[in-house]
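Good morning, and thank you for making time for this item. Please look at the model as it comes up, and keep it in view while I speak.

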Amino acid sequence: MAEICCGVVSENEASSACESNSKATRRKRMDLRRVNFVPTIEKENGVKQARLSISPASFSRDCNNNCNTTELKPKLKRKPDDEGDEIEVDGAKPVPLVAAIFRPSGSAVFVDGEKVPKFGVASVCGRRRDMEDAVAIHPSFLTVENDRTSGVHYFGVYDGHGCSHVATRCKDRLHLLVKEELNKKLELTTEWAKTMERSFNRMDKEVVDWNKGTVGGNCRCELQAPESDAVGSTAVVAITTPDKIIVANCGDSRAVLCRNGKAVPLSSDHKPDRPDELNRIQAAGGRVIYWEGARVLGVLAMSRAIGDNYLKPYVICEPEVTITDRAGDDECLIIASDGLWDVVSNDTACGVARMCLKGKGPPASMKTPVENNEEPGSEKWDKACSDASMLLTKLALARRSSDNVSVVVIDLRKK
Amino acid sequence: MANHQHSLSCYQNWMSQQRLDLEELLQGLTNFPTDPDYLRLLVKKNISHFEDYHAARAQLAKLNGPSFFAPAWGTTFENSSLWIGGCRPSLIIRLVYVLCGSHQTEHLAEFFEGVSRGDLGDISGAQLKSIDALHAKIVKDEDKLTSIFASLQERIADEPLALLAYKCRNVGESSQREVVDRAMDGHALDMYKILMEADRLRLDILKRMIDILTPLQAVEFLAASKKLQLSLHEWSKSRDVQMGITQLLSTNNPSSSGGAP
């Protein structure tokens with residue numbers, strides 16, 4: 001049983017529970033499903049949820065046809081023929097946004113100039129039936145012609161709960177909000193914390209407003225308003241500049257820096273039983289109830305998140321921001337959802353990533369049927385980082401992670 | 001009754017076939033792990049046995065579709081986990097993940113030394129990506145069929161059966177026998193059709209998974225899945241016996257085996 005409990009932790013952490021005092025039965029059903037350890041028990045009418053889509057700007061696959069996604073991103077215009085790798089932003093000259101976050105892995109880069117980050121991504125559904133994680137990667141995500149902003153890269157991991165649509169919206173929008181906020185400033189280096197706070201706040205507001213807008217909508221995720229109030233997402237965003245790493249975190253995803261062989265966490269998980277968070281929740285009049293782990297009002301197993309309007313003001317969207325000076329012995333940055341961190345320690349993760357970066361990854365000779373003729377753009381990937389993210393994902397699955405697993409590994413070594 | 005006997009021996013033949021196949025797969029793994037052509041041949045043979053079984057079952061199901069949804073030859077444990085008359089396709093994903101995981105934990109140290117075993121623990125990045133994509137497809141297809149199946153089941157409580165029952169003076173009276181039979185035949189035919197759909201999906205998913213895996217991994221995977229199915233049957237049979245459910249004792253003797261039907 002202890003074992004099973006271990007396996008279950010991640011699902012529990014992802015959210016919610018089965019409290020009896022509030023909200024609709026639908027949400028209750030959803031909550032039950034999430035703490036359900038045996039996924040082969042089919043829930044009623046096979047609840048469908050969205051999955052990570054391929055294109056950076058589009059909504060997730062299953063919600064795509066039904067959710068009203070256009071109203072909130074009027075500035076995005078997809079070019080007709082591309083595969084989602086490029087987006088025209090606001091009529092300006094096409095900014096190469098990379099991004100294409102393939103499921104589960106991918107890391108393509110075609111940014112002009114030399115300041116190309118090396119990174120790898122893996123994101124899999126794992127033992128869940130629903131994919132609620134989303135990953136956004138935007139190298140050189142600020143306006144290109146502006147010199148001061150070159151070499152500034154954006155990496156975000158969002159772990160949704162309730163449904164995937166908040167995570168997907170974060171993936172589509174949060175980097176744009178951060179960019180807008182940054183463009184309001186003269187000096188990039190000042191007030192990172194304020195900028196990130198404002199961006200997260202706007203993101204949260206968009207999500208909540210958008211949920212309101214879906215009243216009577218036909219989104220298939222069966223979490224139409226008012227239940228869609230019970231949908232949210234973690235967000236951990238890392239922005240790397242030539243000399244700094246800025247991490248803004250909200251929820252229980254995590255960014256860990258691997259520096260000289262040591263794991264240095266750059267974010268601190270927002271758990272309801274973290275003493276300061278517990279105090280904050282109680283001061284706001286909320287309660288933390290232990291129901292398969294500490295949960296805000298016995299429901300949500302994290303104390304901060306984007307969305308989750310029904311748990312405000314106890315659950316807030318304000319991120320904690322850390323600013324770290326980059327050092328010569330920085331090796332890599334790992335950003336991942338709790339699907340990884342629940343079963344792999346910071347130190348182990350760093351150890352694995354380090355090994356891969358040092359070139360001890362899977363031997364190139366090991367060809368598999370799908371590898372030979374797929375991924376024509378694979379030379380653009382960073383093999384070592386991809387291997388690292390993939391291996392960490394596999395390790396999480398091997399250790400019986402019961403959640404979606406998303407891992408981004410960014411090489412920070414000076415070339 | 002005759003049909004039931006046929007169905008039973010079809011099942012028994014299939015189980016015996018699987019025992020033989022398992023034997024062969026395991027020998028292949030031990031004796032020819034570096035001979036991809038041989039391993040590929042093994043996989044092909046296995047798949048064709050699957051197809052044979054499905055074909056035989058299709059013939060029988062045409063006559064009595066519903067009998068395959070909680071078959072008398074299945075143990076209570078097995079029947080409780082059936083999905084439209086067979087295994088749930090998404091089990092494949094779990095099985096691959098757990099095998100990959102058990103290998104990886106065993107051999108993590110070796111991995112760092114660059115040792116490649118080429119087994120299921122060596123699932124590559126590209127493979128993992130394909131498996132995850134397949135997972136998405138499976139869930140979608142499964143949910144689609146589940147939903148159709150649900151509608152089918154709901155139809156029981158609708159025209160014409162529900163009203164025929166309601167209008168009966170005595171429970172189960174046979175004055176309307178013909179109408180009832182016609183309705184139930186129609187329903188059984190629908191069950192047969194969805195069983196065929198589900199079998200098609202099961203086979204299709206299996207083939208897709210095998211395409212993703214290397215020959216060695218595929219053989220390993222097939223062996224593991226057969227071992228699981230056969231073991232579960234034996235284990236759950238003895239549990240049934242313990243609980244006083246003895247219907248399977250009579251079907252215990254696989255003497256009618258001798259190749260796939």
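I shall go through chain A and then turn to the helices of chain B.

This is a predicted model, in which local features need pLDDT of at least 70, side-chain atom pairs count only at pLDDT 80 or more, and totals for chains, interfaces and linings use all residues. Residues are numbered from 1 along each chain as its sequence is written, with chains lettered from A and ligands numbered from 1 in the order in which they are written.

Let me begin with chain A as a whole. Chain A has ten helices and 16 strands; these are DSSP runs numbered from the N terminus, helices being H or I of at least four residues and strands E of at least two. Of its 415 residues, 53% count as buried. A residue is buried if 20 or more other C-beta atoms lie within 10 Å of its own, exposed if 12 or fewer, and partly exposed in between, with C-beta atoms placed from the backbone. Two residues are in contact if those C-beta atoms lie within 7 Å. Among contacts in chain A between residues at least 6 apart in sequence, 68% join residues at least 24 apart.

Next, the sheet. Five strands of chain A form an open sheet in the order β3-β16-β15-β9-β10, with antiparallel pairing; two strands pair if DSSP finds at least two bridges between them. At the edges stand β3 (118-124) and β10 (262-265) of chain A, each with a single partner strand, so one side of each is left without a neighbour in the sheet. On average, and ignoring direction, neighbouring strands here are turned by 20 degrees against each other.

Within this sheet, β9(A), residues 254-259, pairs with β15(A), residues 330-336, in the antiparallel sense over six bridges. Arg254(A) stands opposite Ala336(A), and Val256(A) has Ile334(A) as its bridge partner. Four bridges join β9(A) to β10(A), also antiparallel, and there Leu257(A) is partnered by Val264(A). The hairpin of β9(A) and β10(A) has two residues between the strands, and Asn260(A) in this hairpin takes a positive phi near 50 degrees. Five of the six residues of β9(A) are buried, so this strand is largely enclosed by the rest of the structure.

Which helix lies across β3 and β16 of chain A? That is α10(A), residues 383-398, running at about 150 degrees to β16(A), residues 405-411. Such angles run from 0 to 180 degrees between N-to-C directions, and axes are lines fitted to C-alpha atoms, for helices over the stretch in contact. Of the 16 residues of α10(A), 15 are buried, so the helix is largely enclosed by the rest of the structure. Following α10(A) is Arg400(A), whose phi is positive, near 65 degrees.

A nonpolar core is a set of buried Ala, Val, Leu, Ile, Met, Phe, Trp, Tyr and Cys residues joined through C-beta atoms within 7 Å. The largest has 143 residues, of which Ile334(A), Ala353(A), Leu392(A) and Val408(A) touch the most other members. Beyond its neighbours within four places in sequence, Leu392(A) contacts Leu340(A), Val344(A), Ala349(A), Val352(A), Ala353(A) and Val407(A).

Elsewhere in chain A, β4(A), residues 133-138, has six of its six residues buried, so it too is largely enclosed by the rest of the structure. Asp133(A), Val135(A) and Ile137(A) point one way from β4(A), while Ala134(A), Ala136(A) and His138(A) point the other way. Six bridges join β4(A) to the antiparallel β5(A), residues 153-161, where Tyr154(A) is the bridge partner of His138(A).

Finally, chain B. How do α2(B) and α7(B) cross? The axes of α2(B), residues 36-63, and α7(B), residues 177-212, come within 10 Å and cross at roughly 175 degrees. That makes the two roughly antiparallel, a label for angles over 145 degrees, whereas those under 35 count as roughly parallel, 65 to 115 as roughly perpendicular and the rest as oblique. Among the residues making the contact are Phe50(B) and His54(B) of α2(B) and Leu195(B) and Leu203(B) of α7(B).

The axes of α5(B), residues 125-154, and α7(B) come within 11 Å, again crossing at roughly 175 degrees. These helices are therefore roughly antiparallel to each other as well. Residues that meet there include Leu134(B) and Ile138(B) in α5(B) and Leu201(B) and Ile205(B) in α7(B).
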